Amino acid sequence: MSRKFHGVAVDAGSGLAASLIQARGVDAQADDLLTFKRSILEELGPFASTVLVDAALGPTLLDSYPDECARMMAFEADVYHISGEDRITVLPENLKVADLPGMGVELLKFFMYYAPDDAPALNRQKQDLVEEIGRRCHAARVQYLMEPLVYHSTLLPGSEAYARHKPEMVRAATAAFAEPRFKADVLKVEIPVDLDYVAGFGAPVMSREAALDAFRACAEAANGIDLVYLSAGVTFERFEASLKMAVEAGVTFHGFMCGRAIWSDAVDVFGEGGETVLRKWLQETGVMRLQRLIEAVS
């Protein structure tokens, strides 16, 4: 089931919908979120190996997939919908894993916020859910992309303290979900360093060699499971540089899944000019960014 991933993610839900309403202002329409996602799928899909859609609008978008672009669906009610402080992902009510093959969906993505040093009982609860979805995917013969998103109970992302802890958190989370019982075919993981704190990119809290070592340690923790990197909302330039650093580190990985780093600027473009201008931007800037990312990992 191993494959190369040159993926575009457009599974964002309520947060993206709110941004589009703000950007569109008085021109906002009830179907703006669907129009925005369909435009990305149709304009970038021909250049991607897969496009990730959400469980709510995804079924409506399946007919818009271009040939040779694999269908991938997120198995979450909303990427912004979690169970409060426990940060347990809420499952969709309109969809079962067993439904996906009949819809032509080849790949399922499921994310879970995970703090390796959280209370063992909470982490067992999260692991049980990840394992159950893995069993369902295995039974349905759907490829399972498991996405552990790390966090810390007291340290804020973007801070120097968080940047110092991030490599070990990503390594520990990768190692945890690489265990065979989870049946993950692919681990969709964060870049293990914050380039804002790597010498040559930002404050020299971490040397370049230490950053390369962090890539190696985290990739090794995958224990042979296919590994793809996610963009996690960083800028396009930062994500491109991160992928190049992974290549420089010599790690084995199978590509990327990139969302906002490619298309976040398109929200305001859509707001100002509507669908026609959005599609023109995607055909030019969007495709160029995707192709640069593909070149970065080639």
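Analyst: Below, labels are set against their cut-offs.
This is a predicted model, where local features need pLDDT of at least 70, side-chain atom pairs count only at pLDDT 80 or more, and totals for chains, interfaces and linings use all residues. Residues are numbered from 1 along each chain as its sequence is written, and side-chain values use heavy atoms, with hydrogens and water left out.

User: Why are H2 and H9 called roughly parallel?
Analyst: The axes of H2 (residues 32-44) and H9 (residues 265-297) cross at roughly 20 degrees and come within 9 Å. Angles under 35 degrees count as roughly parallel, over 145 as roughly antiparallel, 65 to 115 as roughly perpendicular and the rest as oblique. So H2 is roughly parallel to H9. Axes are lines fitted to C-alpha atoms, for helices over the stretch in contact, and angles run from 0 to 180 degrees between N-to-C directions. Helices here are DSSP runs (H or I, at least four residues), as are strands (E, at least two), numbered from the N terminus.

User: Which residues of H2 and H9 meet?
Analyst: Contact means heavy atoms within 4.5 Å. From H2, the residues include Phe-36, Ile-40 and Leu-44. From H9, they include Phe-270, Leu-282 and Leu-290. By class, this contact of H2 with H9 has ten nonpolar, four polar and six charged residues. Ala, Val, Leu, Ile, Met, Phe, Trp, Tyr, Cys and Pro count as nonpolar, Asp, Glu, Lys and Arg as charged, and the others, Gly among them, as polar.

User: What makes H6 and H7 roughly perpendicular?
Analyst: The axes of H6 (residues 208-220) and H7 (residues 236-249) cross at roughly 80 degrees. That angle makes H6 and H7 roughly perpendicular to each other. The contact involves Leu-212 and Phe-215 of H6, among others, and Met-245 and Ala-246 of H7, among others. By class, it has six nonpolar, one polar and three charged residues.

User: How do you know whether Thr-174 is buried or exposed?
Analyst: Buried means under 20% relative accessible area, exposed over 50%, partly exposed in between (1.4 Å probe, protein chains only). Thr-174 has 2% relative accessibility, so Thr-174 counts as buried. Thr-174 lies in helix H5 (residues 160-177). Beyond neighbours within four places in sequence, Thr-174 touches Leu-187, Val-189 and Cys-218, among others.

User: What does the side chain of Thr-174 reach?
Analyst: A polar atom of that side chain lies 2.7 Å from the backbone oxygen of Val-170. A polar contact is a pair of N or O atoms within 3.5 Å; within protein, one must be able to donate a hydrogen and the other to accept it, and residues adjacent in sequence count only if both atoms are side-chain atoms.
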